[in-house]
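Subject: Structure handed over, with notes

Dear colleague,

Please find the structure below, followed by my notes on what I found in it. I would be glad if you could read the notes with the structure open beside them.

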Amino acid sequence: MSPQPKPGILDIASYTPGKAKAPGFAAPLKLSANENCLGCSEAARAAYLAAASELHLYPDANTSRLRAAIAEKFALDPQRLVFGAGSDEIFAIAAQAYLSEGDNIVQPQYAFAAWAIAARAAGGLVKSAPEADYTVDVDAMLSLVDERTRLVFIANPANPTGTWLHFTEIERLHAGLPPHILLVLDGAYAECAAGVAGFLDGMDWAENKNNVLVTRTFSKMYGLASLRIGWAYAPRPVAEALSRIRLPFSVPRAGEAAAVAALADDAFLQLSVAHVAEQRPRLAQALAALGARTLPSAANFVTAQFPHAVLTAADIEARLAQRGILVRHLKTYAMPDWLRVSVGREAEIDALIGALTDILESADRA
Ligand SMILES: Cc1ncc(COP(=O)(O)O)c(C=O)c1O
């Protein structure tokens with residue numbers, strides 16, 4: 001006779017974040033959640049601190065300053081922007097708005113975990129399309145679409161793999177969908193891939209098609225993960241539907257102020273993107289030199305398979321944690337042999353590789 005959640009809620013596995021603690025280390029080296037290793041813009045930090053005098057005030061429910069700043073910077077219609085507590089909130093409200101009980105979403109086999117949680121919480125089912133060698137397979141996605149499909153999700157670049165799709169593939173995916181299905185393009189790592197030939201962030205599709213929603217975040221390359229600021233660009237009717245049900249004050253004043261300042265600080269964004277472009281290959285090569293298979297990443301992390309004779313990927317994650325280094329074992333993403341490692345600072349990558357070398361060599365000797 002106790003209160004019962006509606007059917008399905010207790011079947012949802014809650015989101016597992018990248019580990020943040022290593023026992024015995026006050027400040028572990030955290031390479032487990034794809035945060036910006038350079039921190040954030042100084043201007044954003046100053047704006048955040050300046051907002052400390054306004055803690056007693058509710059946020060602006062319309063997120064007007066950030067709305068205007070994003071619209072101006074990316075030449076977008078401000079009325080078609082939607083804001084949320086991270087892009088996570090946008091996935092949740094898209095699922096609430098478009099899924100009825102028994103409807104489904106289609107996502108790739110290796111998909112960001114928050115989409116399925118959002119879908120199931122809204123009463124939806126999740127259909128996962130097999131990937132071709134850890135890359136989204138458009139044909140497999142399209143073949144899963146049925147009369148109850150309402151949303152199709154992909155991230156480009158993808159998490160947890162880091163792989164990405166050429167824009168012609170996304171066009172093919174879109175062209176294969178009936179117009180009543182909303183294609184959600186999650187661009188959490190889009191800034192990292194901006195310079196890659198054949199990559200498009202999808203804003204033009206959101207602008208010109210009736211059924212494309214593009215999500216972006218300040219959590220990754222802008223370095224503001226703690227402030228939870230995500231946004232989306234959508235056709236006007238989609239933006240209106242989402243805005244009706246979003247939590248009115250989910251973007252806090254201090255967060256909005258910091259995001260406006262971060263957006264104006266192109267130098268920091270470019271530094272962050274250049275750092276990833278320079279250090280990601282170095283990290284990938286060093287992992288490969290230790291015997292790992294690495295996936296070609298366009299994001300700020302490298303996903304690596306460790307078919308070590310003695311140690312499992314879980315063992316390696318645990319032994320790194322014993323040395324104060326946190327990486328992400330991809331067990332919860334059904335990639336149990338794989339680790340995902342965020343691109344750190346140069347010295348952090350060296351520390352990781354030094355520790356890994358030692359761990360693998362000691363295991364080989366034992
Ligand atoms: C593909 C992808 N989408 C969205 C998010 C969540 O972003 P936010 O912090 O804006 O909720 C992440 C975070 O790891 C991600 O990897």
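**The ligand and its surroundings**

The ligand is surrounded by 13 residues, the closest being Gly86, Asn159, Ala188, Thr217 and Ser219; a residue counts as near a molecule if its C-beta atom, placed from the backbone, lies within 6 Å of it. Helix α3 (residues 86-98) gives the most to this shell, with three residues, where helices (H or I, at least four residues) and strands (E, at least two) are DSSP runs numbered from the N terminus. By class, the shell has four nonpolar, seven polar and two charged residues; here Ala, Val, Leu, Ile, Met, Phe, Trp, Tyr, Cys and Pro count as nonpolar, Asp, Glu, Lys and Arg as charged, and the others, Gly among them, as polar.

Please keep in mind that this is a predicted model, in which local features need pLDDT of at least 70 and side-chain atom pairs count only at pLDDT 80 or more, while totals for chains, interfaces and linings use all residues. Residues are numbered from 1 along each chain as its sequence is written.

**Two domains**

The domain assignment, which is automatic or comes from a database, gives domain 1 (18-39 + 267-365) and domain 2 (42-264). Taken over C-alpha atoms, the centres of domain 1 and domain 2 are separated by 26 Å. Between them, 23 residues of domain 1 are in contact with 22 residues of domain 2, contact being defined as C-beta atoms, placed from the backbone, within 7 Å. On the side of domain 1 that touches domain 2, the elements that give two or more residues are α11 (266-289) and β10 (301-305), and α11 gives the most, with four residues. The residues of that side divide into 13 nonpolar, eight polar and two charged.

**Strands and sheets**

Strand β8 (residues 229-233) is mostly covered, since five of its five residues are buried; a residue is buried if 20 or more other C-beta atoms lie within 10 Å of its own, exposed if 12 or fewer, and partly exposed in between, with C-beta atoms placed from the backbone. Ile229, Trp231 and Tyr233 lie on one side of β8 and Gly230 and Ala232 on the other, and all are buried. Strands are said to pair if DSSP finds at least two bridges between them. Strand β2 (residues 81-85) pairs with β8 in the antiparallel sense over five bridges, and strand β7 (residues 212-217) pairs with β8 in the antiparallel sense over four bridges. Tyrosine 233 in β8 stands opposite leucine 81 and is also the bridge partner of valine 214.

Elsewhere, an open sheet of four strands has the order β9-β10-β13-β12, with antiparallel pairing. Its edge strands are β9 (293-294) and β12 (328-329), each of which pairs on one side only. Within this sheet, β10 and strand β13 (residues 338-342) pair over five bridges, with glutamine 305 having tryptophan 338 in β13 as its bridge partner.

**Two helices with a buried side**

In helix α9 (residues 236-245), Val238, Ala239 and Leu242 are buried. These three residues cover an arc of only 95° around the axis, which puts them on the same side of α9; the arc is that of the directions from the helix axis to the C-beta atoms. On the other side of α9, Arg236, Pro237 and Arg244 are exposed. The cover over the buried residues of α9 includes β2, α3, β6 (182-186) and β7.

In helix α1 (residues 42-50), the buried residues are Ala44, Ala47 and Tyr48. Seen down the axis of α1, they fall within an arc of 100°, so they line one face of the helix. Glu42 and Leu49 are exposed on the other side of α1, and what covers its buried residues includes α10 (253-264).

**Backbone points to check by eye**

Most residues other than glycine have a negative phi, and most peptide bonds are trans. The peptide bond from asparagine 156 to proline 157 is cis, with omega near -5°, and the bond from asparagine 159 to proline 160 is cis, with omega near 15°. Threonine 63 has a positive phi of about 50° and counts as buried, with 27 C-beta neighbours inside 10 Å.

With best regards

Definitions and conventions. Two residues are in contact if their C-beta atoms, placed from the backbone, lie within 7 Å.
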